[in-house]
Amino acid sequence: MLTVFSKIIVIFAVVAVGFFCNKKGILPNSSEGPLVNLLVLVICPCMILSSLASKTLDSDTLPKTLLVLGLSLGYFVVAPFIAFFFARFMKHTPKEDLGVIMVIMTSTNTGFMGFPVTKSIFGDEIFFLIVVENIILNIYFYSIAIFQINYGHNAKGDLGSSLKSIINPNIIAALIGLIILFGRISLPGPGLEFLDMLGSVTTPLSMLIVGMRLANSNIKSVLKNRDLIFASFIKMFIMPVITFLLVNWLPIPQDVKLLLVWCSCFPTAVIMVSLSSKYKRNATLAAEGIALTTIISLLVLPVAATILSALYL
């Protein structure tokens with residue numbers, strides 16, 4: 001448990017460095033865009049490919065892969081209904097913003113933030129499973145999340161074009177990796193070393209970017225929004241508890257249980273801002289939800305990792 005906690009402390013120390021560097025102008029706001037593009041378009045895909053290409057498909061890997069695909073799909077079918085239920089109690093939020101609130105409660109940042117944190121804390125086995133989970137997460141973003149964010153609005157004709165966005169570098173890397181895995185294709189040593197070298201940059205770079213974003217968050221504005229605080233509480237505490245209660249009794253491998261509960265502990269996905277802007281919804285509210293849940297995750301993730309490690313590893 002102490003080892004897990006110490007790893008998380010190191011990871012979030014890098015967040016503090018990003019926060020400090022942004023405040024001091026070492027990493028100005030203008031640098032965030034290129035850094036995010038480098039991370040999403042190059043570094044993360046290399047880490048995904050490295051993980052999947054170095055894995056050997058066996059009688060243990062295949063059922064776990066199918067379980068994660070199926071149960072992750074179940075999560076993103078059930079979670080929107082839970083979010084809709086709680087959204088009905090938010091009386092201070094205009095109806096046109098309830099869709100954004102629901103996606104704040106449902107979505108998870110298991111790609112941008114989840115990949116590096118998971119790999120650093122739990123290693124390659126659990127990281128492999130979170131890459132598989134991310135396939136379903138991306139399908140959610142460009143299907144169910146669109147219906148959620150347009151709750152109370154007429155948005156006909158948007159779904160078809162949005163589904164095309166599901167083909168992004170991370171999904172392409174995951175699909176290629178799965179082909180390599182299931183096809184039992186062996187990459188040459190230098191190729192794996194190249195992917196691993198670039199992929200290893202993911203953790204420090206992504207945590208620096210998280211720190212930069214937190215440095216630009218308007219915490220005073222966030223703390224005035226009672227419904228947003230309530231939604232963030234649901235996202236960061238209630239959703240993980242419900243997930244734990246639903247999967248803990250299932251006759252599935254312990255590491256799959258860990259992965260499913262762990263994924264529910266991550267903050268709201270950064271892509272929420274892009275979706276909100278695209279559909280002309282409240283992108284400011286989305287950004288505030290991301291900031292608040294990310295701040296809460298600095299407490300939740302260390303505790304969750306420690307408890308889940310004790311329960312399932």
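Arg184 follows helix α9 and has a positive phi, near 50°. The structure is a predicted model, in which local features need pLDDT of at least 70, side-chain atom pairs count only at pLDDT 80 or more, and totals for chains, interfaces and linings use all residues. Residues are numbered from 1 along each chain as its sequence is written, and side-chain values use heavy atoms, with hydrogens and water left out.

**Helix α9**

- Helices are DSSP runs (H or I, at least four residues), numbered from the N terminus.
- Helix α9 covers residues 169-182, and its 14 residues should span 20 Å at 1.5 Å a residue, which agrees with end C-alpha atoms 20 Å apart. The expected span is 1.5 Å times one less than the number of residues.
- Buried residues (under 20% relative accessible area, whereas exposed means over 50% and partly exposed in between; 1.4 Å probe, protein chains only) of α9 include Asn170, Ile171, Gly177 and Leu181.
- The buried residues of α9 pack against α2 (32-53) and α6.

**Salt bridges**

- A salt bridge is a side-chain nitrogen of Lys or Arg within 4 Å of a carboxyl oxygen of Asp or Glu. The count by this rule is 3.
- Asp60, Lys64 and Asp255 are linked in a network of salt bridges. Lys64 pairs with Asp60 at 3.1 Å, N to O, and with Asp255 at 2.5 Å, N to O.
- Asp255 lies in helix α14 (residues 254-264) and Lys64 in helix α3, so this pair ties together parts that are 191 residues apart in sequence.
- Lys64 counts as buried because its relative accessibility is 12%, while Asp60 is partly exposed at 39%.
- Lys119 and Asp124 also meet in a salt bridge, at 2.6 Å, N to O. Lys119 is partly exposed, with a relative accessible area of 24%, and Asp124 is partly exposed, with 47%.

**Nonpolar core**

- A nonpolar core is a set of buried Ala, Val, Leu, Ile, Met, Phe, Trp, Tyr and Cys residues joined through side-chain atoms within 4.5 Å.
- The largest nonpolar core has 102 residues, of which Met105 and Trp262 touch the most other members. Helix α6 (residues 124-141) gives the most to this core, with 12 residues.
- Leaving aside neighbours within four places in sequence, Trp262 is in contact (heavy atoms within 4.5 Å) with residues including Val117, Phe122, Leu301 and Leu308.

Definitions and conventions: Helix = DSSP H or I, 4+ residues; strand = E, 2+ residues; numbered from the N terminus.
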